[in-house]
Amino acid sequence: MHFKYCPHCGNKLIKKEIGDEGFIPFCENCDIPLWDMFTTSIIAAVVNEQNEVALLRQNYVSTSSYVCVAGIMKIGESAEDTVIREVKEELGLDVIDLEFIRSYPYEKKEMLMLGYKAVVKKSDFSISGEVDSAKWVKFENALSLLREGSIAWQLVKTVIGT
């Protein structure tokens with residue numbers, strides 16, 4: 001989000017040099033800088049003890065490729081809590097181990113995605129209404145079902161060690 005007006009008072013912002021940050025949108029009325037903002041979300045490669053990864057179909061995301069569990073962090077929620085919640089909501093599974101992999105800037109959607117490996121026990125899925133389908137895929141077959149170069153593809157590639 002790029003601020004043009006102050007969200008506190010509504011005044012039009014000016015550009016003001018703030019230390020070594022350069023010129024930042026600034027509200028003269030509230031006397032505060034307003035840095036551009038982005039949404040923070042998680043993306044998780046959900047894996048089980050049989051070297052499989054859970055891949056989802058969400059037609060509102062893609063009709064041609066599978067995706068990983070992903071979701072927006074809520075205010076007051078840690079990234080780890082978000083992963084646990086999203087895996088439970090989208091797949092109906094309980095995370096038993098969690099490992100942070102890396103962060104992925106997603107400029108197209110003004111988003112920062114925090115990538116995790118989420119380990120679960122293999123079980124049938126209980127998918128939410130926002131998931132069209134899900135399936136367990138052997139590690140060696142997973143990358144071919146994801147859009148090459150996508151954040152999900154990068155994360156799964158790292159998690160499965162190829």
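User: Which residues lie nearest the centre of the largest pocket?

Analyst: This is a predicted model, in which local features need pLDDT of at least 70 and side-chain atom pairs count only at pLDDT 80 or more, while totals for chains, interfaces and linings use all residues. Residues are numbered from 1 along each chain as its sequence is written, and side-chain values use heavy atoms, with hydrogens and water left out. A pocket is an open set of points on a 1 Å grid over the protein atoms alone, where a 1.4 Å probe fits and protein lies on both sides within 12 Å along at least five of seven lines; lining residues have an atom within 4 Å of a point. The largest pocket has 26 lining residues, and those nearest its centre are Val61, Val67, Tyr106, Lys109 and Met113.

User: Which element gives the most to the lining of the largest pocket?

Analyst: Helices (H or I, at least four residues) and strands (E, at least two) are DSSP runs, numbered from the N terminus. At least two lining residues each come from S4, strand S6 (69-72), helix H1 (79-91), S8 and H3. The element that gives the most, with three residues, is S6.

User: Which residues have the most contacts inside the largest nonpolar core?

Analyst: A nonpolar core is a set of buried Ala, Val, Leu, Ile, Met, Phe, Trp, Tyr and Cys residues joined through side-chain atoms within 4.5 Å. Buried means under 20% relative accessible area, exposed over 50%, and partly exposed in between (1.4 Å probe, protein chains only). The largest such core has 23 residues, and those with the most contacts inside it are Ile43, Val53, Leu55, Leu146 and Val156.

User: Which element supplies the largest share of this core?

Analyst: Two or more core residues come from each of strand S4 (39-47), strand S5 (52-57), strand S8 (111-119), helix H2 (139-142) and helix H3 (151-160). The largest share is seven residues, and the element that supplies it is H3.

User: Why is the protein chain described as more spread out than a compact globule?

Analyst: The chain has three helices and nine strands. The radius of gyration is taken over C-alpha atoms, and the globule rule is 2.2 Å times the number of residues to the power 0.38. The rule gives 15 Å for 162 residues, and the chain is more spread out than a compact globule because its radius of gyration is well over that, at 19 Å.
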